[in-house]
Amino acid sequence: MQAVRVEKQIGGKSLSIETGTLAKLAHGAVTVQYADTVVFGAVVRADPREGIDFFPLQVDYRERRAAAGKFPGGFMKREGRPTTKEILTARLVDRPLRPLFPKGFMDEVQIYLNVLAADQQHDPDVLAGIAASAAVAISDVPLLYPTAHVRVGRVDGQFILFPTTDQLEVSDLDLVVAGTKHFVNMIEVGAREVPENVVADAIEFGHNVCIQIVEMIEELVQKVGRPKVGTAVEHDPELLEQVRKLATTRIREVKGKPGKQDRANAVKQVMDDIVTHLAPPSTDPNTPYALIVANREKQKKVRAIFVDIEEQVTREAILKGVRPDGRDFNTIRPISAEVGILPRVHGSAIFSRGETQSLCIVTLGTSSDEQLVDGLIEEYSQKFMLHYNFPSYSVGEVRPIRGPGRREIGHGALAERSLLAVLPDIESFPYTVRIISDILESNGSSSMASSCGGCLALMDAGVPITKPVAGISVGLVQEGNKRALLTDITGEEDHFGDMDFKVCGTRDGITAIQLDIKIEGLSYDIIRDTLLRAKEARLVILDKMAAILPEPRKEISRWAPRLLTIKINPEKIGKLIGPGGKNIKKIQEETKAQIDIEDDGTVYISSVDAAAAQRARDLVEAMTAEVKVGRIYNGKVVSIREFGAFIEIAPDTDGLCHVSELSDRYVENVEDVIKLGDEVRVKVILIDDQDRIKLSRKAAMKEEGTSDPEPVSAPSQGPDAPRSQDHGSSPRDAGGGQRPGGGGGGGRGGDRGRARGGPRRS
């Protein structure tokens, strides 16, 4: 097969989709290239597994470091389990495609996405979405409509298509939008308090480009597309009618029960009754096995029909204005919250909205607690993390206890993104911050509860956020020309509805959005109406949060480390660390404080004891201080010679105070004025081109208005007799030698090189 390629100029660069040369045994395979970033996508299909009642779609996305000319970081030099970034990208691809497979289609479908080349300027995630859609579109896997992904940034008020990583650094918007030719069906936003109307305009801007890319995919399908396989058969009409007659009225009756669990139990009882009535289990031990199997198959069909009827009844009731829990379309469930509920932790809050409850705990750490992230772009340190946990007891179920799944990682990333925009800058608050959100109860919008609870916990911990953040989810039920937007959806409304539109932000703008839908997509007017509905609800929640804790606490927890930051000359880093880490270890042992050093000369000092942190800071400042001419220092006499004294004015930094500069009186013998170990005030009067320091006690006394009380000795040969011969101002040149650990001949700074005697982080 010859290569087939479609290409178009988008955003000032060429976007191409090619098939026909790679992975010919896959049911569909393409490569998508934009600039110098290339993503490969392949799809395969297999017959459905026996007994399943869901669509087993698998999307696997991988970023091999070789795509950017890198080796994997750490001990292992082969990629292992997917990273957080890879999981989030797989979800980004899965969400817009999944609702476009025909209902009842249950074949095994696997979409494999691999980054082949990365220019480290264009994130491959949106190209992976295009590759997945194109691969499915040209395969025999049925898909209602192809989709496309586009990223939009905004710099200086102008929208940018496929922004580079450098542009995103200064952009106040990071939007990924996906959709078909007709509708938007996935939105992911991180923003710095961007107004609703601007976000809506950006969505339309991006979707117009999605349409162009979908047209490219359709052109490819016309050239190489394969016939689609058939979809699953519909329900048996006779059995469908039987279940409908038995179930409809009873479902309507039990849907009026007030609690989630009560409604669920009542609906289950109705289902069990109908299954028993239409497909009663045999009690005869001699029943042939074939009849038993046939009866089980009928029971399965009855349950599937019952679920569809329950969905129809629920949706019809909502469109008539009756929600499962009795609220109107705009009402938020009852909200309650508390802060500071746990001892010893640095910050805590519990946030409840209806039957959804999140317990959030904040931990403050130092730079050594940062998360190092290694990927296709340059390695970086993550100073803020939100980890979301969804245990099975939160929904009254029993499930195996394993590590976080894709859903938990995705929900945590959304809540984390919602709070990023209001965090203080590193210079004013250099702590590493971690939030844990444990969902204790769940009946819809637990990620939004994590955003609200996480914000309160941050304020309780004394993190000086710029503004409070809240989140809400808006749902949709749409049948023909009828539609209803539902503020603060429950689990049932999420399950049976068409949309879960989560919006987070402050009073002034949006900080995060995540849209999931079960229909083809949304029109622009629905998106704008939803954003306005979400803002109304968000303001109500922010008022309730302000009544609980109006602003961050003035002080951090007494159990949190006190973190001090100073900036030193990068050339002094080697001196601060010392040979084999000697100097920094000594300071840490003396003060019990933790010291971390960055390459740019930033030094982080942390200790639960504030006094110990300050003591460590004083020692670091003294050791790395820049000696300046004209400044007076407290010094210690470390060596005496006949021509003067060597005085240490900073750790490992000393200078020569010549005998003529010791006093405002005549000095015959140095030890008539000072003794070894004395502490004296001296002024720096000269630093020569070899960094040798000359000191003067006499000048310091004059500047401070003091003097020696009387002549310390009389001249033996008259006032004009010559003083002791000056053997040179260079310290240690006159037989003294270098003191171990000294400043290299009295020079300032000792070890001035960047070579380190110890690790970067001690």
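Predicted model: local features only at pLDDT ≥ 70, side-chain atom pairs only at ≥ 80, totals over all residues.
Two strands pair if DSSP finds at least two bridges between them.

Start at strand E1, residues 4-10. Its link to strand E2, residues 13-19, consists of 7 bridges, and the two strands run antiparallel. Within this pair, Val 6 stands opposite Ile 17 in E2.

Now widen the view to the whole sheet. It is open and has 6 strands, in the order E1-E2-E3-E4-E6-E5, with mixed pairing. E1 and strand E5, residues 57-62, stand at the edges; each has a single partner strand, so one side of each is left without a neighbour in the sheet. From one strand to the next, the twist averages 15°.

A helix lies over part of this sheet. Helix H2, residues 125-138, lies across E2, E3 (28-34), E4 (37-46), E5 and E6 (108-117). Relative to E3, H2 runs at about 150°.

Helix H13 spans residues 582-591 and helix H14 spans residues 610-624; their axes are 9 Å apart and the packing angle is about 155°. Angles over 145 degrees count as roughly antiparallel, and H13 and H14 are therefore roughly antiparallel to each other. The crossing in which H13 passes H14 is right-handed.

Which residues of H13 and H14 meet? From H13 come Asn 583, Ile 587, Glu 590 and Thr 591, and from H14 come Ala 612, Arg 615, Ala 616, Leu 619, Val 620 and Met 623. By type, the residues of this contact divide into 6 nonpolar, 2 polar and 2 charged.

Conventions. Residues numbered from 1 in each chain as written. Heavy atoms only, no water. Axes fitted to C-alpha atoms, helices over the stretch in contact; angles between N-to-C directions. Helix = DSSP H or I, 4+ residues; strand = E, 2+ residues; numbered from the N terminus. Parallel < 35°, antiparallel > 145°, perpendicular 65-115°, else oblique. Left-handed = near helix turned anticlockwise from the far one by under 90°. Contact = heavy atoms within 4.5 Å. Nonpolar A, V, L, I, M, F, W, Y, C, P; charged D, E, K, R; others polar.
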